Structures are given as structure tokens and as C-alpha cells.
Amino acid sequence: MSPSIFTPALLDRCISCGFCLPACPTYDLTKDEASSPRGRITLMRALETGALPADDPTLAREASFCLGCRACEPVCPAGVEYGALLEQWRDHQWSGWRVPLIVRVLVQVVRRDLLVRLMGFPGGNIGAGRPKAGVGVAAERVHLMLGCFERAMFPRVARAARRLRPELWKQSAQGCCGALHAHNGESDEGIKMAHRLAEQLPGTIVTTSGGCAAHLTSVLGRDRVLELSEYLTREGTPPLSPLMVDGRRARVGIQDSCHLRNGMGVHRQPRALIALVADYVDIPSAGRCCGAAGTYSLLRPQDSRAVLEPKLDDVEAAGVDYLVVVNPGCQRQLIDGLRRRKSTVRVLHLAELLAKAAAGAEPARRRTGGVGGGH
Ligand code: SF4
Ligand code: SF4
């Protein structure tokens, strides 16, 4: 008998109730059962029993059409762990020649610590941390995870986080957390990389990326890892002054990180932090995927845009000055989308928004001019 593709207890849990269908962005686009969480679980079961081969066109299409946003999890009365099932599905589906070329290249690049470190240079690598008096031994430090793509694309986010909490230790000799691998058919490698990162960063790990936070906590446990908004909620912020636009408090909305919200249940914390410095504006689709979804915007650019566009309508209709993000993929996706529309809404990571408010609260002579803008 051939080994199972899926953990039977995970695959058996779905009771086919369909409560997840309205939450699923791809079902929303197509109204096709096969593109819903329930439909995909039916496909997984067919794959498991051998009723469908892995190269069946519907199976192949749906394994990549799924955003992996996990919006189907919090609404599921049976507690189906869809994210875990999707990882197991892609481990099997995206093996050998079936691995998409873009995925193959990206996982090879971020597998190597040296390349990850070099990725920081073009955007301004923040370098290795220098010990400060009283910081203590490595295992007692609170390490800032620099990420792989975040350190390349948005190094200013790590700088902003350290302005808020200078004790965050910036150890430049750190690799990728393995989330990219886990979500793209290499879950064993994703687990291995998370453990390697844990050895490089002993003690507590704080990350500014919701996707990385969810992957790391799933491997290392909740007590080793905190996403930045959780850490700031626990430890506090420096003095903050209100952010003003045209003589009034700024209007600020948020785009949730899917894995942070759906996988870790973290969504109140960033909103409460925004409300400290601005008028928080609720954007109805804030909890819905923006279409970035890791490699998705590269693999399926048209579908990614189709998911994004209604969200951009919502953002513009809300009349916000800033849109806050808590994940680098969302940051790239929303900056690009709003730029295409020539929108005046600026995208900032939560760390950047708060660092801007902290700079405003500093005595005038110490002000450094705040942090970089989204676009
Ligand atoms: S809500 Fe959960 S149990 Fe119901 S169909 Fe969706 S995944 Fe299955
Ligand atoms: S992960 Fe997202 S896109 Fe995939 S089935 Fe669940 S809700 Fe739909």
C-alpha cells in the first residue's frame, strides 16, 4: 500500500457543510465548487484514494489557484486545518517536474543564508547588531527577524521597528524562516529552516511579517515567536504624537496579513496601535486576501489582480490617508496596485507608521524626519 499523501485525521475532518464557501476569495471569483475549500478537499480525497492522478488538470489548476489565505479556517465549524492540508497537497503536487519554475528559483535563492544576507545590500542592509551594555546573553535577547524578501524590499521596516523598541537585536547572520518552502511544496525543508533560524536567533523572535510569524509559531511554538504588534502590545511603545494630515488626525485603515489573522488570530492588536496615533477607519474587506499570497502574484498575476482590484476600490472609498500593512508581500502588492491607480493613499508598514508618530513626539532637536513612505 502506498504511503498517505495526507494525514488521515486532517482530511477526514471536513463534514462538507459549505460554511467556508462565502469566505473563499477564489470561490467568490468563479462560483465554481472546485475552486472552493470544500471542493478542494473533495479533490484532495480523490488524490488520496487514487481516484484522480496528480497530473489531473483540475487538481493541478486548483492546487495553484488556491491563495493559501486560510480564510476558510476561522469559519469552519469542524476545525479543518486547511493550511496544513494545502501544504501536504503541494508537497505531493509540486514535486519533480511539476514544481513551477518561479517557485524552483525562489526556494533555491532563499535556502542559502549568504544569498539572503546579500539581498539586504541593495535596499540598505542594516548590518550586524553590536552588543549594548546590559543586553545579556543571546538566549535572553529579543531578536528581530529580518526576513528574506522584507530585508531586500523594505529594510526600512526593520529600522522602524528598532526605533520603537531599541532592545530588538539585529543579528544579520540569519537566514530565511522557511515559510516560502512550507507553502510551496517543501514543507520538510520549511520546518528544517525554521529550526535553523531558531538556533541562529536563540530566545524570543520578533517578526514584522505576519506570514513568517504564522509559519514560525507553527514549528517553534507560540512562546518563542511574537509578531511585532503582539510585542508592542505587551511591551508598550515609546511616546507617540498624533499623525496629522491637513490639520486633522490622519485617517488610517489596515490590510490584515491572512496568516496572521486566520492562522494566529491576531487582528485586534494592530488596530489598537493605529488608534493610538490616528483615526482608525474600518475597511470592510480588510480581512480578505490582497492577492499577494507569497508566490501567487508571480505564478498567477491575472488572478492576483482580480482578487486585488475590489479591495483597492474599498480602500479608496474609505477615504483613508494611510493604509497599514503587517506583511511585506501585502506591502509590495498594495503599493503597486495603488500606484497603478495614481491613488493618494500611502502604504506603510505598522512599524513605519508608529515610528513616524514616535519621531513626532521627540523633542524638535532630536527629530530625524520620520521614516520612508510607501510610494
Ligand atoms: S466549513 Fe469546514 S467542514 Fe464545512 S465544508 Fe468547509 S472545510 Fe469542510
Ligand atoms: S486558503 Fe483561501 S483561497 Fe484557498 S480554499 Fe481557503 S479560503 Fe479559498
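The legends below describe close-up views of a predicted model. Local features require pLDDT of at least 70 and side-chain atom pairs count only at pLDDT 80 or more, whereas totals for chains, interfaces and linings use all residues. Residues are numbered from 1 along each chain as its sequence is written, and chains are lettered from A and ligands numbered from 1 in the order in which they are written.

**View 1. The surroundings of ligand 1.** Ligand 1 is surrounded by 14 residues, counted as near when the C-beta atom, placed from the backbone, lies within 6 Å. The closest are Cys14, Cys17, Cys20, Arg38 and Cys76, and the shell divides into 11 nonpolar, 2 polar and 1 charged.

View 2. In α19 (residues 350-361), 9 of the 12 residues are buried, that is, 20 or more other C-beta atoms lie within 10 Å of their own. These buried residues, which include Glu352 and Lys356, pack against α9 (155-164), α13 (228-235), β6 (251-255), α15 (268-277), β8 (322-325) and β9 (346-349).

**View 3. Contacts of Leu354.** Apart from neighbours within four places in sequence, Leu354 is in contact with Leu164, Thr237, Leu240, Leu273 and Val277, contact meaning C-beta atoms, placed from the backbone, within 7 Å.

Notes: Ala, Val, Leu, Ile, Met, Phe, Trp, Tyr, Cys and Pro count as nonpolar, Asp, Glu, Lys and Arg as charged, and the others, Gly among them, as polar. Helices (H or I, at least four residues) and strands (E, at least two) are DSSP runs, numbered from the N terminus. Two residues are in contact if their C-beta atoms, placed from the backbone, lie within 7 Å.
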